[in-house]
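Biologist: I have just opened this one and could use a guided look. Could you walk me through it?

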Amino acid sequence: MREMRCKCGYNKLFSDYNYCPVCRIELRKSELFKECINPECRHILKQDEEICPDCRHSQKVLYKKGDIIKFGEYFINSESKKDKIEWIVLEDMEDSFLLLSKYLLDSMQYNETKYHIDWNSSMIKKEMNETFLNKAFTDKEKEKLKDNGNGRIFCLSEEEVLKYLSKQDRKADLTTYLKNKDEDAIYYWLRDKNLTNNFASVINDDGEIKTMAKIINQNNAIRPAILLSK
């Protein structure tokens with residue numbers, strides 16, 4: 001989230017602030033300003049201007065594959081205080097960025113009971129798009145999350161893992177919070193599910209894809225992915 005500038009000159013505002021902490025003026029978009037994203041320009045323009053009137057540079061924030069960005073908050077270092085979630089940019093898409101959590105953030109079952117089930121009917125999709133979503137993101141942040149048909153928060157599929165991640169990149173550490181909660185959650189779920197049995201696919205701690213490796217009502221880690229609107 002980019003820092004904005006109040007008309008009083010204070011330049012450490014964010015777009016979801018309601019009041020300037022210095023002059024206490026009520027903030028409206030017409031009263032918020034920002035520097036041009038072009039480092040050779042830095043013209044001051046209104047917060048809702050998408051094109052710099054000076055250098056004509058687009059003001060959309062651009063990320064490239066491999067960048068780490070912070071968005072949303074979750075329990076990272078303790079269960080009593082939330083910290084910013086770090087995301088790895090996997091792809092710059094037409095209208096959004098595909099992001100993957102840098103860390104394993106929590107653990108849950110793929111489904112509470114064992115029966116033939118797919119991702120869209122699973123408990124894990126429901127939990128990630130309700131409980132986890134509400135804990136991790138504000139209402140304004142939720143508006144930035146696109147639903148690609150798999151939910152606004154989802155696990156990667158095996159196909160996506162092979163496309164975007166090397167074996168080394170597939171490895172992910174547990175947060176301190178998750179270690180304290182469930183230190184055995186070192187494998188993380190994939191979205192793929194074989195519909196003829198009670199097992200789902202995971203990535204193990206060596207970065208290997210294990211097809212139909214874990215019983216669906218066992219706890220394993222989640223490494224969420226999201227589509228962040230531009």
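Biologist: Where is Leu-174 found?

Modeller: Leu-174 sits in the loop between helix 3 and helix 4 (176-181), where helices (H or I, at least four residues) and strands (E, at least two) are DSSP runs, numbered from the N terminus. Before going on, please keep in mind that this is a predicted model, in which local features need pLDDT of at least 70, side-chain atom pairs count only at pLDDT 80 or more, and totals for chains, interfaces and linings use all residues. Residues are numbered from 1 along each chain as its sequence is written, and side-chain values use heavy atoms, with hydrogens and water left out.

Biologist: Okay, is Leu-174 buried or exposed?

Modeller: Leu-174 counts as buried because its relative accessibility is 14%; buried means under 20% relative accessible area, exposed over 50%, and partly exposed in between (1.4 Å probe, protein chains only).

Biologist: And what does Leu-174 touch?

Modeller: Leaving out residues up to four places away in sequence, Leu-174 touches Leu-104, Lys-179, Asp-182, Glu-183, Ala-185 and Ile-186, where a contact means heavy atoms within 4.5 Å. The C-alpha atoms of Leu-174 and Ala-221 are separated by 8.4 Å, although these two residues are 47 apart along the chain.

Biologist: Let's step back. How many helices and strands are there in the chain?

Modeller: The protein chain has four helices and 14 strands, and of its 230 residues 42% count as buried. Among its contacts with a separation of 6 or more, 53% are accounted for by residues 24 or more positions apart.

Biologist: What order do the strands take in the open sheet of five?

Modeller: The order is 5-6-7-14-9, with antiparallel pairing; two strands count as paired if DSSP finds at least two bridges between them. Strand 5 (68-75) and strand 9 (145-146) are at the edges with a single partner strand each, so one side of each has no neighbour in the sheet.

Biologist: What holds paired strands together in general?

Modeller: Strands of a sheet pair through backbone hydrogen bonds, in either a parallel or an antiparallel way.

Biologist: How many bridges are there between strand 5 and strand 6?

Modeller: Strand 5 pairs with strand 6 (residues 82-92) over six bridges, in the antiparallel sense, and Asp-83 in strand 6 is the bridge partner of Tyr-74. Strand 6 is also joined to strand 7 by five antiparallel bridges, with Trp-87 standing opposite Ser-101 in strand 7; these two strands form a hairpin with three residues between them.

Biologist: What about strand 7 itself, how many of its residues are buried?

Modeller: Six of the six residues of strand 7 (residues 96-101) are buried, so this strand is largely enclosed by the rest of the structure. Ser-96, Leu-98 and Leu-100 are buried on one side, and Phe-97, Leu-99 and Ser-101 are buried on the other, so both faces are covered. Strand 7 is also joined to strand 14 (residues 225-229) by five antiparallel bridges, and there Phe-97 stands opposite Leu-228.

Biologist: Which strands does helix 1 lie across?

Modeller: Helix 1 (residues 123-136) lies across strand 5, strand 6 and strand 9, and runs at about 105° to strand 5. For such angles, axes are lines fitted to C-alpha atoms, for helices over the stretch in contact, and the angle runs from 0 to 180 degrees between N-to-C directions.

Biologist: Changing topic: where is Asn-150, and what does it touch?

Modeller: Asn-150 is in the loop between strand 9 and helix 3 (158-164), and it counts as buried at 16% relative accessibility. Not counting residues up to four places away in sequence, Asn-150 touches Trp-119, Asn-120, Lys-125, Asn-129 and Arg-191.

Biologist: And where is Asp-67?

Modeller: Asp-67 is in the loop between strand 4 (44-46) and strand 5, and it touches Trp-87, Ile-88 and Val-89, again not counting residues up to four places away in sequence. The C-alpha atoms of Asp-67 and Leu-90, which are 23 residues apart along the chain, are separated by 8.4 Å.

Biologist: Last one: how many bridges join strand 11 to strand 12?

Modeller: Four bridges join strand 11 (residues 199-203) to strand 12 (residues 209-215), and the two run antiparallel, with Val-202 standing opposite Lys-210. These strands form a hairpin with five residues between them, and Gly-207 in the turn has a positive phi of about 80°.
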